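Thanks, everyone. Let me put the model on the screen, and then we'll walk through it.

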Amino acid sequence: PLLELIDKLPGGNIAETFNDILQNRFELLENDFISRMPFLMAEIIRDPELKSYWTKQFLQPFLSRMEKAYHELSASGKVRRAEPAILVRSIGGMLLGFLILKIMEGDASPMNRLPREQVAGTMINLILHGLLKEPADEKG
């Protein structure tokens, strides 16, 4: 479902599609398997063969698909032009980091006390509009 949602980005409503993506990722947090994610990632990083396999089979296809979607959005004028490789990894890192933090915090996470819609809305606003009221140039 995640790749199907990514494919919807160029032709759909960006905010709604990001919301669908975040809701999809939040649903993963309810799965007991996801609590093992930090251990799995550590093993992937530690084992060169596994890292190579995971990178070729999952990471590169995923990042390529995201870059393609961003390029299409940029070409259509829906988003500003910037280097897709940087933006895709920045957004992906933010989302992955968010999920890992929530897993590590467990029941103590403040995210457990906030409605999913509020969390998703705040993250989408950050992704689409940033922290500043006025957009900065590429150098910040």
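Predicted model: local features only at pLDDT ≥ 70, side-chain atom pairs only at ≥ 80, totals over all residues.

Now the overall picture. How many helices and how many strands are in the protein chain? There are 6 helices and 0 strands. Read from the N terminus, the order is α-α-α-α-α-α. Along the principal axes, the C-alpha atoms fill a box of roughly 40 × 40 × 30 Å. Of the 140 residues, 28% are buried. Next, contacts. Take those with a separation of 6 or more: 59% of them join residues 24 or more positions apart.

On to helix packing. Two packed helices are described by the angle between their axes and the distance between the axes. I'll give you both for two pairs.

Pair one is α2 and α5. Helix α2 covers residues 14-29, and helix α5 covers residues 84-105. Their axes are 11 Å apart, at an angle of about 30°. Angles under 35 degrees count as roughly parallel, so α2 is roughly parallel to α5. The crossing of α2 and α5 is right-handed. Who makes the contact? From α2, we have Phe18, Leu22, Arg25, Phe26 and Leu29. From α5, we have Ile91, Leu95, Phe98, Leu99, Lys102 and Ile103. By class, this α2 and α5 contact counts 9 nonpolar, no polar and 2 charged residues.

Pair two is α3 and α4. Here the axes come within 5 Å, and they cross at roughly 105°. The range from 65 to 115 degrees counts as roughly perpendicular, so α3 is roughly perpendicular to α4. On the α3 side, the contact uses Met41, Glu43, Ile44, Ile45 and Arg46. On the α4 side, Pro48, Leu50, Lys51 and Trp54 take part. By class, the α3 and α4 contact has 6 nonpolar, no polar and 3 charged residues.

Let's zoom in on one residue from each of those two helices.

First, Glu43. This residue sits in α3, which spans residues 37-46. Glu43 is partly exposed, with a relative accessible area of 32%. Now look across to Gln118. Glu43 and Gln118 are 75 residues apart in sequence, and their C-alpha atoms are 33 Å apart in space.

Second, Ser74. This one belongs to α4, residues 48-76. Is Ser74 buried or exposed? Its relative accessible area is 7%. Buried means under 20%, so Ser74 is buried. Which residues does Ser74 touch, not counting those up to four places away in sequence? They are Val79, Arg80 and Arg81.

That's the tour. Over to you for questions.

How values were computed
Residues numbered from 1 in each chain as written. Heavy atoms only, no water. Axes fitted to C-alpha atoms, helices over the stretch in contact; angles between N-to-C directions. Helix = DSSP H or I, 4+ residues; strand = E, 2+ residues; numbered from the N terminus. Parallel < 35°, antiparallel > 145°, perpendicular 65-115°, else oblique. Left-handed = near helix turned anticlockwise from the far one by under 90°. Contact = heavy atoms within 4.5 Å. Nonpolar A, V, L, I, M, F, W, Y, C, P; charged D, E, K, R; others polar. Buried < 20%, exposed > 50% of the residue type's maximum accessible area, 1.4 Å probe, protein only.
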